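Good morning, and thank you for coming.

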Amino acid sequence: MKQGLLTDRQKEVLRYRRKGLTQQQIAEIIHTSKANVCTIEKAALENISRARDTIEFLYTLDAAHLCTLKAGTDLLKTPELIYDEAEKVGIKVKYDTISLINRLRDSNPERFRARYIREDVEVYINEDGELYFG
């Protein structure tokens, strides 16, 4: 049964993958082919990506683009960049340095490797100092 954006089967496959199982192992558990598990997983990840894009759009409706954090930037240098840009537009960021780094990293973990940004990250801010990362 489908509730929300993922079917029960997609949720099941993602749970097994999260536990570290291979597609072949999952296929054996749920009595299907590895190719089918691959298809199920791919569809689930596409649905999740579309949902993230939609949520990002909603969050940024009332926010202004603040800056772009470029690929290769040290994650520990990002708070200063964000604070400086927010100061230029007269908005106080509502997060301290550690909270900001954690929110940034948690927003899209696949965009980071160790301390470095792997791909550009767009930063948005609203009047209340709330940050959104696209």
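I shall go through the annotated regions, then a helix, then a sheet, and finally some salt bridges.

Please keep in mind throughout that this is a predicted model.

Let me start with the annotations. An unreviewed UniProt entry places the feature "domain: RNA polymerase sigma-70 region" at residues 6-48. How much of the chain over residues 6-48 is helix, and how much is strand? The answer is 79% helix and 5% strand. The end C-alpha atoms of that span are 8 Å apart. The unreviewed entry in UniProt also lists "domain: DNA binding protein Tfx C-terminal", at residues 51-133. That span is 39% helix and 22% strand, and its end C-alpha atoms lie 14 Å apart.

I turn now to helix 2, which covers residues 23-30. Which residues of helix 2 are buried? They are Gln23, Ile26, Ala27 and Ile30. Viewed down the axis of helix 2, these buried residues fall within an arc of 105°, so they line one face of the helix. What covers the buried residues of helix 2? The cover includes helix 1 and helix 3, the latter being residues 34-60. Just after helix 2 comes His31, which takes a positive phi of about 60°.

Let us take the two pairings in turn. Strand 3 and strand 6 run antiparallel and are joined by 5 bridges. In this pairing, His65 stands opposite Tyr124 of strand 6. Strand 6 also pairs with strand 7, again in the antiparallel sense, over 3 bridges. On that side, Tyr124 stands opposite Tyr132 of strand 7, and Val123 stands opposite Phe133, also in strand 7. Strand 6 and strand 7 form a hairpin with 5 residues between them. Within the turn, Gly129 has a positive phi of about 85°.

Is strand 6 largely enclosed or largely open to the outside? Of its 5 residues, 4 are buried, so strand 6 is largely enclosed by the rest of the structure.

My last topic is the salt bridges. In general, side chains of opposite charge can pair when their charged atoms come close. How many salt bridges does the count give in this model? The count comes to 9, and I shall discuss some of them.

One is formed by Arg9 and Glu12, whose closest N and O atoms are 3.1 Å apart. Both belong to helix 1, residues 8-18; because they are 3 residues apart there, about one helical turn separates them. Arg9 is partly exposed, at 35% relative accessibility, and Glu12 is partly exposed as well, with a relative accessible area of 26%.

Another salt bridge joins Lys94 to Glu130, with the closest N and O atoms 3.3 Å apart. This pair links distant parts of the chain, 36 residues apart. Lys94 is in the loop between helix 4 and helix 5, while Glu130 is in the loop between strand 6 and strand 7. Lys94 counts as partly exposed, at 49% relative accessibility. Is Glu130 buried or exposed? Glu130 has 13% relative accessibility and therefore counts as buried, the cut-off for buried being under 20%.

Glu130 has a further partner, Arg103, and here the closest N and O atoms are 3.0 Å apart. Arg103 sits in helix 5, and this pair too links distant parts of the chain, 27 residues apart. Arg103 is partly exposed, at 31% relative accessibility. Through salt bridges that share partners, Lys94, Arg103 and Glu130 are joined into one network.

That concludes my presentation, and I thank you for your attention.

Methods. Residues are numbered from 1 along each chain as its sequence is written. This is a predicted model: local features need pLDDT of at least 70, side-chain atom pairs count only at pLDDT 80 or more; totals for chains, interfaces and linings use all residues. Side-chain values use heavy atoms; hydrogens and water are left out. UniProt positions are given in the numbering used here, feature names are shortened, and annotations may be inferred rather than shown by experiment. Helices (H or I, at least four residues) and strands (E, at least two) are DSSP runs, numbered from the N terminus. A salt bridge is a side-chain nitrogen of Lys or Arg within 4 Å of a carboxyl oxygen of Asp or Glu. Buried means under 20% relative accessible area, exposed over 50%, partly exposed in between (1.4 Å probe, protein chains only). The arc is that of the directions from the helix axis to the C-beta atoms. Contact means heavy atoms within 4.5 Å. Two strands pair if DSSP finds at least two bridges between them.
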